[in-house]
Amino acid sequence: MAYEKLQSHEEDSNPLLNEKPKSAAADATPLPPQQLGWTADGFPPGPGTSVMGQPMPMPMPSRSPWTTSLTSCLGHSDHFCSSDLEVCLLGSVTPCVLYGSNAERLGLVPGTFANHCLPYSGLYLIGNSCFGWNCLAPWFSYPSRTAIRHKFNLEGSCEAFSRSCGCPGSFLEDDAQREQCETACDMATHVFCHICALCQEGRELRRRLPHPGFNAQPVLVMIPPTEQTMGRGGA
């Protein structure tokens, strides 16, 4: 009896024996909601949202190339050949008419041909009279090339050069800097290859947009029924 009392007294006096063992579930600290795949608001991350609840950068949509190159004056040997030949002749003889037609087709507003053709003609005459070549009109017409790129999501000269060299992406990562570079390339293309640029834009617009003057609407023709007569059958 004395031995049992002494052993129980030692167990009561030992502080290490008084602590109860903690379970593994109690030792495990709860993970923050970010590590569990949930946002800070308690909701699972949706598409386009990172685990931390911040919006993820979405990839830029790929831009499509132009249907014809800058030097394809006669285009392809397809059913657009007559239109391509017309564009080439207009650009070589009367570039003011081609520019006005491109601007009218791009805006899809009938009657805007004169608003673009007349200012271009004035700058064309002044440049050829004073400087001996058409050096003023390209500064007026190059925004149309930028508008065509934006409307149809076409690649610019810098992006086309990077693709031809085999580079996976553009050397400019910032969108604002890339757009400034592409706009400067549009201006340089109109200044140094003005006729070719107008012809390429004309071919692109004719393949993608109808002329605003051609309102191709279905016409419903009502044909009256023919007069029917009842014949008397012989007995």
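Colleague: How many residues apart are Tyr120 and Tyr124 in helix α6, and by about what part of a helix are they separated?

Modeller: Tyr120 and Tyr124 are four residues apart in helix α6, so about one helical turn separates them. Helices here are DSSP runs of H or I with at least four residues, and strands are runs of E with at least two, numbered from the N terminus. The model is predicted, so local features need pLDDT of at least 70 and side-chain atom pairs pLDDT 80 or more, while totals for chains, interfaces and linings use all residues. Residues are numbered from 1 along each chain as its sequence is written, and side-chain values use heavy atoms, without hydrogens and water.

Colleague: How many aromatic pairs does the rule give?

Modeller: Rings of Phe, Tyr and Trp (its six-membered ring) pair if their centres lie within 6.5 Å; planes under 30 degrees apart are stacked, over 60 edge-to-face, and the rest tilted. The count is three aromatic pairs. Tyr99 and Tyr120 are stacked, at 5.3 Å centre to centre and 25° between the planes. This pair links distant parts of the chain, with Tyr99 in helix α5 (residues 95-107) and Tyr120 in helix α6 (residues 113-130), 21 residues apart.

Colleague: Is Tyr124 buried, partly exposed or exposed?

Modeller: Buried means under 20% relative accessible area, exposed over 50%, and partly exposed in between (1.4 Å probe, protein chains only). Tyr124, at 30%, is therefore partly exposed, whereas Tyr120 is buried at 0%. The rings of Tyr120 and Tyr124 are stacked because their planes lie at 15°, with centres 6.4 Å apart.

Colleague: Which residues do the ring pairs link into a cluster?

Modeller: The cluster consists of Tyr99, Tyr120, Tyr124 and Phe140.
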